[in-house]
Amino acid sequence: MTTTDTHCPYCSLQCGMRLRTVPPGAAVPVEVVERPGFPVNLGALCGKGRSAAALLDRVARLTAPLVRDRRGGELRETSWDEALDRSAAGLSRAAELYGRDAVGVFGGGGLTNEKAYSLGKFARVALRTANIDYNGRFCMSSAAAAHRQAFGIDRGLPFPMADIARTGCVILVGANPAETMPPALRYFRELRENGGRLIVVDPRRTRTAELADLHLQPPPGTDLALALGLLHLVVADGRLDKDFIEERTTGFEAARACAMAHWPERVERLTGVPVAQLREAAGMFADAETGMVLTARGPEQQSKGTDTVSAWINLCLATGKAGRRYSGYGCLTGQGNGQGGREHGQKADQLPGYRSIEDPAARAHVAAVWGVDPRELPRSGRSAYELLDCLGQEGGVRALLLMGSNPVVSAPRAGHIAERLRNLDFLVVSDLVLSETAELADVVLPSAQWAEETGTTTNLEGRVILRQRAVPAPPGVRGDLAVLSGLARRLGVEQGFSEDPEQVFEELRRASAGGQADYSGISYARIRREDGVFWPCPAGGSDGAPHPGTPRLFLDRFATPDGRARFAAVSHRPAAEQPDADYPLFLTTGRVVSQYQSGAQTRRVPELNRAAPGPFVELHPRLAHRLGVAEGELLAVTSRRGRAVAPARVTESIRPDTVFMPFHWGGAGRANSLTNPALDPTSRMPEFKVCAVRVERAGSERAGAERAGSEI
């Protein structure tokens, strides 16, 4: 038996694990064992990580390409040559009939850095389309936009995870690591053991909130008012760090003026958080010697998500809790390579190294690495939801290459997006499994899994790590780099798309050199030697010494032109959709511990399905009593966009005016049939986390299931 050091295929912690081969004849070729030396998780794994090898079972996955001979016909197995020929022909036909931008590319936050880089290059060089984006736009884009506005650079955490345990106070906003990244919970427990304080902001009393010194429970969509109210109290009570504000920031007076319009009694009316709790939270955070604010999807997935995150950053800056050890603002990135996936060209407006595609110098640098004329590179394209919404429409995208994403389940207003996908002239999907989106495709390409190929990802700390191949892929399965190489050749681009991930990474290093996300000083050998390297890490200087990497950002200066952090002048505004007489309740959505994202992978693991077998509607006992429903009875949840049916889960942990649904399932219980695609004007993030719904007893299980998930 042999063992291979690698990393979990799921969340942004990218926990270290070892894969040990098992004797021939077993259902899966490897088993997961602990890797105690990796610094992020020190061997600890959640149920998803421990059971990750089950995804390698041939029963759970695609093992041959599939094609559809006619629209409405059945998918059938075929050869790779036929599948790639059809794919190239379908993409080319759309470009010839409607123009290059009628071809689109949609990527995923689970793709390795090498794949994300190659996918962006494929869109711009082989297809020459502007229309590429990825599902990470649905996850971290508001935090990324606010981070760049305030600090000049976007890295989820500007410090290692271990620093959390050593700070004085953490405000955790709209995050539930107890379920979304369980191995991270030890840092918050250690924080408490070390005498630090934990404040949790969440409409639900989650397992994470149960650990808190103080739980603030506002309704969805009011996090911005809450942050402004806390800053008001810091100002009014004389708790500002005036020296820090003077020496290391700009824009405070405008931000202060906005905050002063959010006095405690007004914020209590907006958020339902009592003034006494507001004062307690403001004092607890401001008086701590060091402190952090960490956000997740709760405040970010809003039509004002960028402003909301900016308001929490303002609180850090006003109290001097940024740009020093054990302090700062951070985003708990969600997807496995959500950080790296947004750095190297998968986004509509971006080139490798976190460069802007509109910047002439950036275009010239990357074009030189790619061996093309910078004038041939497309400009910015549509953001993720806007790209999906234009599918099959006049002037929109008519053929789509989709890699590692499942928008039929994960996109807002999902019934509408499913219909848009059906309207395409041509759809090719590359994925591990036959997802709900792949079921609509004209061509389905079976891709290799994380244990079957090598590649880098970048975790939420900005630590670039290496997943290493432990076993070969089954016959009939290819890696995504091979797919892109094969398609590029068929589109007339013979060179520039290597199938070797290390060669691709070497090119990525050159393309990123000098950019904000500079990987030029990182190599596979160095990652193996150091258990990961923090970016930015430029190539060594004239003295030949390697750059050490950057575990902690901003200790000397911020990454803005003048080196100062920027306050943002933001004010509260309501969510795009508020409860009314027809839709009187808030809906918020999220994850459960035993499923992941759209569930395309985890719903195929028996152990995880036993723990979390299906969707549910979480509601308060008072609401359940008013509706006359008991635990387990079917509820119909309806918004202006769709309808979903799932069993009731009655609990006092949620506000009486709010219901919660997990979003891991399609079909009858698809939560994203309901969600609102209203977009943040800066980040183009849809408002997943708050919309107005009505809830009623389903007439019967059969009737409810037949009506569920339909588009209204």
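Buried residues are those with under 20% relative accessible area, exposed ones have over 50%, and partly exposed ones fall in between (1.4 Å probe, protein chains only). By that rule four of the five residues of strand E25 (residues 634-638) are buried, so the strand is largely enclosed by the rest of the structure; strands (E, at least two residues) and helices (H or I, at least four) are DSSP runs, numbered from the N terminus. The model is predicted, and for that reason local features need pLDDT of at least 70 and side-chain atom pairs count only at pLDDT 80 or more, while totals for chains, interfaces and linings use all residues. Residues are numbered from 1 along each chain as its sequence is written, and side-chain values use heavy atoms, with hydrogens and water left out.

**Strand E25 and its partners**

- Strand E25 pairs with strand E26 (residues 643-650) in the antiparallel sense over five bridges, where pairing requires that DSSP finds at least two bridges between two strands.
- These two strands, E25 and E26, form a hairpin with four residues between them, and Thr638 has Arg643 of E26 as its bridge partner.
- E25 is also joined to strand E30 (residues 691-697), by four bridges and in an antiparallel arrangement; here Val637 has Val695 of E30 as its bridge partner.
- Strand E30 in turn runs antiparallel to strand E23 (residues 585-590), to which three bridges join it, and Phe586 is partnered with Ala692 of E30.

**The sheet E1-E2-E3**

- An open sheet of three strands has the order E1-E2-E3, and its pairing is antiparallel.
- Its edge strands are E1 (3-7) and E3 (30-34), each of which pairs on one side only.
- Neighbouring strands of this sheet are turned by 35° against each other on average, direction ignored; the axes behind such angles are lines fitted to C-alpha atoms, for helices over the stretch in contact, and angles run from 0 to 180 degrees between N-to-C directions.
- Strand E2 (residues 16-21) pairs with E3 in the antiparallel sense over five bridges, and within this pairing Met17 stands opposite Glu34 in E3.

**Nonpolar cores**

- The largest nonpolar core has 111 residues, and those with the most contacts inside it are Phe122, Phe151, Ile171, Trp312 and Tyr329; such a core is a set of buried Ala, Val, Leu, Ile, Met, Phe, Trp, Tyr and Cys residues joined through side-chain atoms within 4.5 Å.
- Helix H7 (residues 223-236) gives the most to this core, contributing nine residues.
- Apart from this core lies another, of 48 residues, among them Val28, Ala52, Leu157 and Tyr596.
- Once its neighbours within four places in sequence are left aside, Trp312 is in contact (heavy atoms within 4.5 Å) with Ile171, Val173, Val201, Asp223, Leu226, Ala227, Leu230 and Val293.

**Salt bridges**

- A salt bridge is counted where a side-chain nitrogen of Lys or Arg lies within 4 Å of a carboxyl oxygen of Asp or Glu, and by this rule the count comes to 44.
- Glu452 and Arg61 meet through their side chains in a salt bridge of 2.5 Å, N to O.
- This pair links distant parts of the chain, 391 residues apart, with Glu452 in the loop between strands E18 (443-446) and E19 (455-458) and Arg61 in the loop between helix H1 (47-50) and strand E4 (66-68); Glu452 and Arg61 are both buried.
- Arg186 and Glu190 form a salt bridge whose closest N and O atoms are 3.1 Å apart, and because they are four residues apart in helix H6 (residues 185-193), about one helical turn separates them.
- Asp389 and Arg420 form a salt bridge with closest N and O atoms 3.6 Å apart, linking helix H16 (residues 384-389) to helix H18 (residues 414-422) across 31 residues.
- In that pair Asp389 counts as partly exposed at 27% relative accessibility, whereas Arg420 is buried at 17%.
- Asp5, Arg18, Arg35 and Asp531 are linked in a network of salt bridges.

**Ala414**

- Ala414 lies in helix H18 and is buried, with a relative accessible area of 0%.
- Leaving aside neighbours within four places in sequence, Ala414 is in contact with Pro407, Val408, Arg670, Asn672 and Ser673.
- Ala414 and Asn676 are 262 residues apart in sequence and 9.6 Å apart in space, C-alpha to C-alpha.
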